[in-house]
Amino acid sequence: MAGAAENTAAVIVVNQRPPSIRAMEGSEFTIECTFYASNNSFKWFAEWNKTRNNVTAKVNNGTDRIILSTDREKRSLSLTVKKADVTDSGTYVCGVGSKNGTSPGTGTQVTIDEITDLMVNQTPTSVSDLEGSELTMNCTFKTVNNHSPMYLRWYNYGTEGLKQELVKESEVITTLHLDNGFASLTLKNVNSSNTGTYVCEVGITARNLSGNGTGTQVTIEKLPKLMVNQTPANIHESEGSVLTMECRFTELKNHRTLYVKWYKHNGTGATKKELMSERGGGSAALDLEKGFASFTLKNVNVTDTGTYVCEVGSTARNWSASGAGTQVTITPVDLLVTQSPAFVNEEEGKQLTIECRFRALEKPSAKYSVKWYKNGTDGHEQELKNRTGSVMTILDFSAGLASLNLTKASMSDSGFYRCDFGKNGRGNGTRVTIHDKRRNASHVLFIIRMLLGALVIILAVIIITECVISEKRAAVSRTI
């Protein structure tokens, strides 16, 4: 520990406090020293000495218990002893020195008294639980620096009052931290035979010193019969609905180890699948204290059909019971599809539109879709894809309209067209017939020719008739 260089001898005055310390074993104490020097520019060092039984020795930072510190700016030094032992008693003197010698402090007389009361504190005072539970009791106590003569034991005074020491095993777990003065006892998977008073005992054999906790009264009750009532038994809803199932079960005063799980069975003999509350649209509510649980499915679809079962139990107790189940049946939404027109007769090159109108839903499922099919003259049905050739499809769920447009129809477009919403409905179809333009023109010319021929014949008949009538009139005139 070096300071600035010195040129002249310095007079050092050291102040040490407190003059004396009396403390109990296991406590902590601190001694402080400050000094004044007539020359502020000199090299100095600090040291600590302890005298016990007329033997003086230097005190070093050799252990975690002893901490030496120095503040050069404030010209102070300190010594701290943690978890003091009886052997830490003695006179402590700080010293500040230079090359001209060391100036000692006034000294501090330290007296560490042996512990006469281990001050054992046990918690809790009482605990009541059900069979299969896990219980923990704690003990805190005064500790000493030398742990070797210390011991801690746990005893059980059963219902008959007989004292029995507990030995660590699979169902009995003990922990001990002598450094911190802490111990615990854990009983796992308890049963009614564990009822009794549990006491921790702490002692130091070399001093014939011991102390007991006030005890923990443990009462273990038999498990009540677990009753689970699940409602409703059946749910019939259509797609897009919201449905909730509930389970009510036996209320337990100690419900920390309880759990509730929801399972879905997809059919007879099918394996069950555990449902998570994070599932899409699903949410679970749980109030163990009131013996209540619920599971909600939102925006359901047909794949949600199945049997839902709640299970209540405790893994720590290997104990569970299930509800009778809720049979959920989800039916597809009937979109009430109507298709128009029923028939279309047009010539080649025209644009045709076929419409399917359906029930518009406020919140349609994303799984709803429409497909268009054509059954041609060859009897083969094929799906029509959007923007393939002359085909264009439009779907507007908000307006409840699906349409199929054929641009520049040709004779090959003749056939039977229908819209299909799968399980949600289908159109009744449209019969499309496309005629050849040239055939239509020839047919018109033929009709014109037939009409002209008919007119010629009619005129001829009229002329002949007029001639016959004229001859008859002339014959009558000659006779007269």
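Q: Why is Glu 114 called partly exposed in this predicted model?
A: Glu 114 has 42% relative accessibility. Buried would need a value under 20% and exposed one over 50%, so a residue in between is partly exposed. Glu 114 therefore counts as partly exposed.

Q: What makes Glu 114 and Arg 207 a salt bridge?
A: Their side chains meet with N and O 3.9 Å apart, and the rule asks for a side-chain nitrogen within 4 Å of a carboxyl oxygen. Arg 207 is also partly exposed, because its relative accessible area is 26%.

Q: Where do Glu 114 and Arg 207 lie in the chain?
A: Glu 114 is in the loop between β10 (108–113) and β11 (121–123), while Arg 207 is in the loop between β18 (196–204) and β19 (209–212). They are 93 residues apart, and the pair links distant parts of the chain.

Q: How do you know that Glu 32 and Arg 17 form a salt bridge?
A: Their closest N and O atoms are 3.2 Å apart, and the cut-off is 4 Å. Glu 32 belongs to strand β3 (residues 29–37) and Arg 17 to strand β1 (residues 12–17), so this pair ties together parts that are 15 residues apart in sequence. With relative accessible areas of 36% for Glu 32 and 46% for Arg 17, both fall in the partly exposed class.

Q: How many salt bridges are there, and which residues join into one network?
A: The count comes to 15 salt bridges. One of them pairs Glu 383 with Lys 385 at 3.3 Å, N to O.

Q: Why is the pair of Phe 35 and Trp 44 called edge-to-face?
A: The structure holds five aromatic pairs. In this one the ring centres are 4.8 Å apart and the planes stand at 65°, so the pair is edge-to-face; the label needs centres within 6.5 Å and planes over 60 degrees apart. Phe 35 is buried because its relative accessibility is 9%, and Trp 44 is buried at 5%.

Q: What makes Phe 358 and Phe 397 an edge-to-face pair?
A: Their centres lie 5.4 Å apart with planes at 70°, so the pair is edge-to-face. Phe 358 sits in the loop between β33 (352–357) and β34 (371–375), and Phe 397 in the loop between β36 (391–396) and β37 (401–406), so the pair ties together parts 39 residues apart in sequence. Phe 358 counts as buried at 7%, as does Phe 397 at 18%. Ring pairs link Phe 358, Phe 397 and Phe 421 into a cluster.

Q: Why does Leu 459 count as exposed?
A: Its relative accessibility is 52%, and exposed means over 50%, so Leu 459 counts as exposed. Leu 459 lies in helix α1 (residues 437–479). A nonpolar surface patch of about 650 Å² is made by Leu 459 together with Leu 445, Ile 448, Leu 452, Leu 455, Ile 458 and Ile 462.

Technical notes
Residues are numbered from 1 along each chain as its sequence is written. This is a predicted model: local features need pLDDT of at least 70, side-chain atom pairs count only at pLDDT 80 or more; totals for chains, interfaces and linings use all residues. Side-chain values use heavy atoms; hydrogens and water are left out. Rings of Phe, Tyr and Trp (its six-membered ring) pair if their centres lie within 6.5 Å; planes under 30 degrees apart count as stacked, over 60 as edge-to-face and the rest as tilted. Buried means under 20% relative accessible area, exposed over 50%, partly exposed in between (1.4 Å probe, protein chains only). Helices (H or I, at least four residues) and strands (E, at least two) are DSSP runs, numbered from the N terminus. Patches are made of residues with over 30% relative accessible area and no salt bridge: like charges are joined within 9 Å, nonpolar side chains (Val, Leu, Ile, Met, Phe, Trp, Tyr) within 5 Å. Accessible areas come from the Shrake-Rupley method with a 1.4 Å probe; for residues, only the protein chains shown count as cover.
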